[in-house]
Amino acid sequence: MKRIIIAFAILLAVASLCVITLMIQSKSIKELLSTVDRIQQAYDESNFEKCLALSCQFTDQFESETDIFPFFMRHSDVSKIEETAVSLPVLLEAGDTQHFAAELAKCRNMLENMAELETPTPENIM
């Protein structure tokens with residue numbers, strides 16, 4: 001009987017950790033997406049100084065928000081998004097606003113895909 005109780009406690013601990021990490025990941029991705037939305041809004045208003053400031057903030061925010069993601073995700077998924085996020089301020093500083101818009105859309109799409117793929121749904125499990 002003790003073994004069953006211990007096994008159940010371990011199962012409960014693992015399930016709790018999974019739920020907690022999913023909540024942290026979901027919150028982090030939502031915050032990153034809201035920053036991307038603010039950057040897009042500034043870009044649409046042609047306020048490139050604000051875009052640059054928000055892009056630099058996004059780069060720092062991405063590093064701090066996703067520092068634990070590699071513990072339970074593939075490193076390549078996080079690295080791809082990080083490569084795009086780091087290029088955003090550089091593109092603005094170079095005055096390449098057309099490529100900036102494309103990279104911003106790409107970054108947003110990858111963040112949304114990450115959120116969808118990491119959500120435990122029957123499609124993702126099977």
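This is a predicted model: local features need pLDDT of at least 70, side-chain atom pairs count only at pLDDT 80 or more; totals for chains, interfaces and linings use all residues.
1. Helix 1 spans residues 2-44 and helix 4 spans residues 97-118; their axes lie 10 Å apart and form an angle of about 160 degrees. Since angles over 145 degrees count as roughly antiparallel, the two helices are therefore roughly antiparallel to each other. Helix 1 passes helix 4 in a left-handed crossing.

2. On the helix 1 side, this contact is formed by Leu22, Gln25, Ile29, Leu32, Leu33, Val36, Asp37, Ile39, Gln40 and Tyr43. Helix 4 contributes Thr97, Gln98, Phe100, Ala101, Leu104, Arg108, Leu111, Glu112, Met114, Ala115 and Glu118. By class, the contact of helix 1 with helix 4 holds 13 nonpolar, 4 polar and 4 charged residues.

3. Helix 2 (residues 48-65) comprises 18 residues. From its first C-alpha to its last, helix 2 reaches 24 Å, close to the 26 Å expected at 1.5 Å a residue.

4. The buried residues of helix 2 are Cys51, Leu54, Ser55, Phe58, Thr59, Gln61, Phe62 and Glu65. These buried residues pack against helix 1, helix 3 (75-93) and helix 4.

5. Helix 2 and helix 4 cross at roughly 35 degrees, and their axes come within 13 Å. This crossing of helix 2 and helix 4 is left-handed. Here Phe48, Cys51, Ser55, Phe58 and Phe62 of helix 2 meet Thr97, Phe100, Cys107 and Leu111 of helix 4. The contact of helix 2 with helix 4 consists of 7 nonpolar and 2 polar residues, with no charged ones.

Definitions and conventions. Residues are numbered from 1 along each chain as its sequence is written. Side-chain values use heavy atoms; hydrogens and water are left out. Axes are lines fitted to C-alpha atoms, for helices over the stretch in contact, and angles run from 0 to 180 degrees between N-to-C directions. Helices (H or I, at least four residues) and strands (E, at least two) are DSSP runs, numbered from the N terminus. Angles under 35 degrees count as roughly parallel, over 145 as roughly antiparallel, 65 to 115 as roughly perpendicular and the rest as oblique. A crossing is left-handed if the near helix is turned anticlockwise from the far one by less than a right angle, and right-handed if clockwise. Contact means heavy atoms within 4.5 Å. Ala, Val, Leu, Ile, Met, Phe, Trp, Tyr, Cys and Pro count as nonpolar, Asp, Glu, Lys and Arg as charged, and the others, Gly among them, as polar. The expected span of a helix is 1.5 Å times one less than its number of residues. Buried means under 20% relative accessible area, exposed over 50%, partly exposed in between (1.4 Å probe, protein chains only).
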